[in-house]
Amino acid sequence: MRWTRSLIPTLREDPADAEAISHKLMVRAGLVRQLAAGIYVYLPVGQRVIDKVNAIIRAEMDAIGGQEITMPVLHPAEIWRQSGRWDAIGGEMFRLKDRNQRDMCLGMTHEEVVAWLAAREIRSYRELPQIWYQIQTKERDEARPRSGVLRTREFLMKDSYTLDPDTAALDVSYSAHRQAYCKIFDRSGLRYVIVNSDPGMMGGSGSEEFMAPSDAGEDDVALCAGCGYGANVELARAVPVPAGLPEAGRREVATPGARTIAEVAAQLKVDPACTIKSLVFMAGEQVVLVLVRGDHNLHERKLTRALRAEARAAHPEEVLKHLGVSVGSVGPVGAKGVARIVADESLRSGAYVVGAGRDGYHLVGVTPGKDFACDWADLQVALVGEGCPMCGKPLAVERVIEVGNIFKLGTKFSEPLNAMYLDEQGQQKPIVMGSYGIGPARIAAAAVEQHHDADGIIWPWAIAPFQVHLVPIAVKDAAQMAAAEEIERGLAGAGFDVLMDDRDERAGVKFKDADLLGVPIRITVGNALAKEGVVEIRERATRADRKVPSHRVLDAVRDIAKRLAMA
Ligand code: ATP
Ligand code: MG
């Protein structure tokens, strides 16, 4: 491809609204442009990266027997009503009406369509298992679209679905996907970890996420170097370092003006870990008092799971109305107006400082479970250094980008949508499903997050938009251009993707753009060609240069390619 005939609008400045490195670099290198919040145009270079990622995904899905199909973006509400998700999903779903006032929605995922299709096309156990996949646009009205293409409202997803006769067969399909995913992320050049996750709105019996470590991520995972345990912090159990006061024995003390945990701990000269945070939540009309240790944070997804219902933090006026005290003085002992108290597991042992239920006072030496009754649940966000639930070794916590996930769905969709089959005994049974997603744009952006330097992107070989960036220095020099064209023909003929920067620009400008674009191999054709018959080959990652006779370029590129493709 020739630069002068392409749309590669590189920019010197970072876009004003960008925080994530991948966002800045993908805009500056001319890969994407934002049309509206969370809605992007992919320009030619960006499209090439996505095409490369998709080719890897297709190859690995085909290798496990996946069959590519295309399901629609526009869905009738009916199938979503049947699965129960028309009501269960809130503002994230784009809804609309057709000209006959029928409810429709834009597909945010395709379990319903798959179950609808299976209900019509699968009759007997002889037709199972099946693996269906697509690489198709998803529409989600994300609450906070941000970070460039990492979280957009319209995005491509490779979603696949497995249909099996029973859970043992599902386990086989699931592990085939797990292995295919490892190959996809390995080939794409990503560092990643696999962690247990909360199946959330998917339901089902087991799920894992593929997480690429990066500061630009929106998830945290707890990882154990000792035994390999890994889980999203929304699920991760951790064994807290024990805390609590040395002696029980309840007494009330004055804490004038102290509202926060830090203020109370300072006034009473105790560690924050010896206090309890009393948080008031509304689960529908019910008032729920939620207790975590003073040095801990509540994870709201854990609370949702413990309550088996969505809950929201009560407003200060609601706290005053239902409990008769202000937020800073709420406590569990003799609490009035509370339907239920749920305490974090770490509070099972020890005595603590709690709000006294009247302004200006706290209770010291309160023993949960004895001084007040409560339900127990794991509610806290796992902290660095707390014990691994499997082996006790200290946990690390890392920021990550979720690039893919795999779910065992079971019969959550096949039963309501009536996707049944006849087994060997002629009995009707529900098909057992699995669902598996990957975001190609997230792979691209995560690769940029993990592979860049101060000057630009450093693409992993397999997903680079081009493999060779050819830079003739003096495009008006006919001999130099002829030599560059010959190199271009030779490389293209051998199957390499070549971008030739044929702009009549200063060398410095072209080199800056080459660094920004991040193509793995740069070849400079300059004065040295006429003088010594050599061109310069430079690797983007190491910036290692070498001079190569022009007739040896193809061999030299092949050598580098072999090494980079294996890295
Ligand atoms: P998240 O927790 O980040 O919102 P999710 O659990 O909603 O992700 P899935 O519905 O399982 O994600 O989608 C499968 C894959 O699609 C994700 O692993 C991710 O790679 C990609 N993906 C999901 N949402 C987006 C989005 N808004 N923009 C870009 N890619 C996305
Ligand atoms: Mg989501």
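Student: Where is the place of P129?

Tutor: Please keep in mind that this is a predicted model. P129 sits in the loop that runs between α5 (111-121) and β7 (130-139).

Student: What joins L128 and P129?

Tutor: Most peptide bonds are trans. Here, L128 and P129 are joined by a cis peptide bond, with omega at about 0°.

Student: Which phi does Q101 have, positive or negative?

Tutor: Most residues other than glycine have a negative phi. Q101 is not a glycine, yet its phi is positive, at about 65°. This residue, Q101, belongs to the loop between β5 (95-97) and β6 (103-106).

Student: Let us turn to the helices. At what angle do α2 and α6 pack?

Tutor: One reads the angle between the two axes together with the distance separating them. For helix α2 (residues 44-63) and helix α6 (residues 167-187), the angle is about 150° and the axes are 9 Å apart. An angle over 145 degrees counts as roughly antiparallel, and α2 and α6 are therefore roughly antiparallel to each other. The crossing in which α2 passes α6 is right-handed.

Student: How do the axes of α2 and α10 cross?

Tutor: Helix α10 (residues 440-450) and α2 cross at roughly 115°, and their axes come within 9 Å. This makes α2 roughly perpendicular to α10. Here too the handedness can be stated: α2 passes α10 in a right-handed crossing.

Student: How many residues surround ligand 1?

Tutor: The shell around ligand 1 holds 16 residues, and the closest are R140, E142, R151, E402 and N405.

Student: Which protein atoms lie 2.8 Å, 2.6 Å and 3.0 Å from an oxygen atom of ligand 1?

Tutor: To read such contacts, one looks for pairs of N or O atoms within 3.5 Å. In the side chain of R151, an N or O atom is 2.8 Å from an oxygen atom of ligand 1. For the side chain of E402, the corresponding distance to a ligand 1 oxygen atom is 2.6 Å. V403 takes part through its backbone, with an N or O atom 3.0 Å from an oxygen atom of ligand 1.

Student: What percentage of the accessible area of ligand 1 does the protein cover?

Tutor: On its own, ligand 1 has 590 Å² of accessible area, and the protein covers 87% of it. Two or more residues of the shell come from each of β8 (154-164), β21 (395-410) and β24 (432-438). The most is given by β21, with four residues.

Notes:
Residues are numbered from 1 along each chain as its sequence is written. Chains are lettered from A and ligands numbered from 1 in the order in which they are written. This is a predicted model: local features need pLDDT of at least 70, side-chain atom pairs count only at pLDDT 80 or more; totals for chains, interfaces and linings use all residues. Side-chain values use heavy atoms; hydrogens and water are left out. A residue is near a molecule or strand if one of its heavy atoms lies within 4 Å of it. A polar contact is a pair of N or O atoms within 3.5 Å; within protein, one must be able to donate a hydrogen and the other to accept it, and residues adjacent in sequence count only if both atoms are side-chain atoms. Accessible areas come from the Shrake-Rupley method with a 1.4 Å probe; for residues, only the protein chains shown count as cover. Axes are lines fitted to C-alpha atoms, for helices over the stretch in contact, and angles run from 0 to 180 degrees between N-to-C directions. Angles under 35 degrees count as roughly parallel, over 145 as roughly antiparallel, 65 to 115 as roughly perpendicular and the rest as oblique. A crossing is left-handed if the near helix is turned anticlockwise from the far one by less than a right angle, and right-handed if clockwise.
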